Amino acid sequence: MQPQKRRPTKEELAAANGRTLPDIVAPNLKVLFCGINPGLYTAVVGHHFARPGNRFWPTMHAAGFTPRLYLPEEESELLDLGFGITNVVDRATANAAELSAAELKEGAFKLEEKVIGYQPQVLALLGISAYRVAFGKATAGIGIQEQTIGNTKLWVLPNPSGLNAHFPPRKLAEVYQELRLFVETLE
């Protein structure tokens, strides 16, 4: 059993507004997972998808991307599996609704540059609404997209936030597993 971690204080969370997190990235990954932007909790603790209730790590395991349930502080171990993490917008906010359309579009431009530089096989964007705004694809759906960035395929996945009631854990894992099975065909 894991020891209980100290939760950040309100003051620590407020001070994290606008902070950034380093990407977990390397050239030629199988999948570069791309969140919308870091939350304040994540910015305080310094690890991606760290907020209790975020379902990224359990979903990664349930979908077969990881051999066991990883903890957020083990995020760099994803690189050994051929996976990485980045965000559309680097700055931390209390929630993604604080991001303007212009900020999401600017983030998409920077993300495209990053993808061209690192050349992952797939860029998996975690959040359909943010993808639609950032990339100007108002009718995009979940799954593989027609759009590519260089040779990198784009795949949109549901946001793993615990607030995403449209995708309960089992359904979320099934949708992520579709990406994993697709990536296996690329190897």
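**H6 and what it packs on**

I started with helix H6 and asked what its buried residues pack against. In this predicted model, they sit against helix H5 (101-118), E3, E4 and E5. Next I listed them: the buried residues of H6 are Ile-128, Ala-130, Tyr-131, Ala-134 and Phe-135. They span an arc of only 160° around the axis, so they end up on the same side of H6. I also checked what comes after the helix: H6 is followed by Gly-136, which has a positive phi, near 65°.

**The sheet**

Then I traced the strands. I get an open sheet of 5 strands in the order E2-E1-E3-E5-E4, and the pairing is mixed. The edges are strand E2 (83-87) and strand E4 (143-149), each pairing on one side only. Ignoring direction, neighbouring strands here are turned by 25° against each other on average.

I zoomed in on one pair. Strand E1 (residues 31-35) and E2 run parallel and are joined by 5 bridges. Which residue of E2 is the bridge partner of Gly-35? I found Asn-87.

Helix H6 (residues 128-135) packs on it and touches strand E3 (122-126), E4 and strand E5 (152-157). I noted an angle of about 25° between the direction of H6 and that of E4. Helix H7 (residues 169-186) packs on the sheet too, touching E1, E3, E4 and E5. For H7 the direction makes about 165° with that of E5.

**The cores**

I looked up the largest nonpolar core, which has 25 residues. Val-31, Phe-33, Phe-56, Phe-65, Leu-157 and Leu-179 touch the most other members. Elements giving two or more residues to this core are E1, helix H3 (56-62), E2, E3, E5 and H7. Which element gives the most? That is H7, with 6 residues.

I followed Leu-157 on its own, skipping neighbours within four places in sequence. Its contacts include Phe-33, Ala-124, Leu-126, Ile-142, Val-175 and Leu-179. Ile-128, listed above as a buried residue of H6, is also in contact with Leu-157.

**The annotated span**

Last, I checked the record. An unreviewed UniProt entry annotates residues 22-180 as "domain: Uracil-DNA glycosylase-like". In the model, that span is 35% helix and 18% strand. I put its end C-alpha atoms 24 Å apart.

Conventions. Residues are numbered from 1 along each chain as its sequence is written. This is a predicted model: local features need pLDDT of at least 70, side-chain atom pairs count only at pLDDT 80 or more; totals for chains, interfaces and linings use all residues. Side-chain values use heavy atoms; hydrogens and water are left out. Two strands pair if DSSP finds at least two bridges between them. Helices (H or I, at least four residues) and strands (E, at least two) are DSSP runs, numbered from the N terminus. Axes are lines fitted to C-alpha atoms, for helices over the stretch in contact, and angles run from 0 to 180 degrees between N-to-C directions. Contact means heavy atoms within 4.5 Å. A nonpolar core is a set of buried Ala, Val, Leu, Ile, Met, Phe, Trp, Tyr and Cys residues joined through side-chain atoms within 4.5 Å. Buried means under 20% relative accessible area, exposed over 50%, partly exposed in between (1.4 Å probe, protein chains only). UniProt positions are given in the numbering used here, feature names are shortened, and annotations may be inferred rather than shown by experiment. The arc is that of the directions from the helix axis to the C-beta atoms.
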